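Have the viewer open while you read.

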Amino acid sequence: MQRLPAKTISKIARTACDVFINHRGIDTKKNVAGLLYDNLTRNGVRAFLDSMNMKPGDRLFDHIDRAILGCKVGVAVFSPRYCDSYFCLHELALLMESNKRVVPIFYDVKPSQLVVKDNGTRPHKDLQRFCLALEEAKNTVGLTFDSLNGDWSELLRNASDAVIMNLLEVEEERKHARKQHR
């Protein structure tokens, strides 16, 4: 996977949020993504969810890319139609390319069911980025949830705990890196 140069990330990144929630809106905005956003913000975590952090007139890619580059942790909520969205795949690729910690949530889908489809409208370069990012995410320990049989409160508790644990680890790594640079 191609990585973004540190200078590029630091130039663009502004810490506007701690956690970026990557999701397919029509599948998850009103349930897992929205509920996770609410739960995290109630616990003092600055989360980014497009419908909550953007307003009419915001430049879509600029705003989202800046939030991704400035976040500490990403949450990728994979759903049955996730891979149909160019935006979802672009966001996931940017999270991976900028070396963000990503907590996958497999919502009503198994990792093996997630496949980038070449419908002839996406440039080959994008398809490669998306496939590499998706494979990296599928090989990351995540949470699975079946919306028909799952316990919603348990999912939210486990997802929030995983995000907070990763945020703490990222902060520890940053502190350790600062001490080494002194």
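## Rings, cores and cysteines

The structure holds eight aromatic pairs. Keep in mind that this is a predicted model. Take Phe78 and Phe106 to begin with: they make a stacked pair, with 5.3 Å from centre to centre and 15 degrees between the planes. Since Phe78 sits in strand E3 and Phe106 in strand E4, the pair ties together parts that are 28 residues apart in sequence. Phe78 is buried, at a relative accessible area of 0%, and Phe106 is buried too, at 3%.

Then there's Tyr86 with Phe130. Their ring centres are 5.3 Å apart and the planes stand at 75 degrees, so this pair is edge-to-face. It links distant parts of the chain, as Tyr86 belongs to helix H6 and Phe130 to helix H7, 44 residues apart. Here Tyr86 is partly exposed at 29% relative accessibility, while Phe130 is buried at 0% relative accessible area.

The two pairs side by side:

| Pair | Centre to centre | Angle between planes | Type |
|---|---|---|---|
| Phe78 and Phe106 | 5.3 Å | 15 degrees | stacked |
| Tyr86 and Phe130 | 5.3 Å | 75 degrees | edge-to-face |

Ring pairs also join Phe78 and Phe106 with Tyr82 into a cluster.

Which residues touch the most other members of the largest nonpolar core? Out of its 29 residues, those are Phe20, Phe78, Tyr82, Leu92, Leu114 and Leu134. Two or more residues each come from helix H5 (60-70), strand E3 (73-78), helix H6 (86-97), strand E4 (101-107) and helix H7 (124-138). H6 gives the largest share, seven residues. Setting aside neighbours within four places in sequence, Leu134 is in contact with Phe78, Cys83, Leu92, Leu114, Val115 and Val116. There's a second, separate core as well, with 25 residues, among them Ala33, Val77, Leu143 and Ala159.

And the cysteines? The disulfide count comes to zero. Cys17 is buried, with a relative accessible area of 1%. Cys131 is in no disulfide either: its nearest cysteine sulfur, that of Cys83, is 8.8 Å away.

Terms used
Residues numbered from 1 in each chain as written. Predicted model: local features only at pLDDT ≥ 70, side-chain atom pairs only at ≥ 80, totals over all residues. Heavy atoms only, no water. Core = buried A, V, L, I, M, F, W, Y, C linked by side-chain atoms within 4.5 Å. Buried < 20%, exposed > 50% of the residue type's maximum accessible area, 1.4 Å probe, protein only. Helix = DSSP H or I, 4+ residues; strand = E, 2+ residues; numbered from the N terminus. Contact = heavy atoms within 4.5 Å. Disulfide = S-S within 2.5 Å. Phe/Tyr/Trp six-rings, centres within 6.5 Å; stacked < 30°, edge-to-face > 60°.
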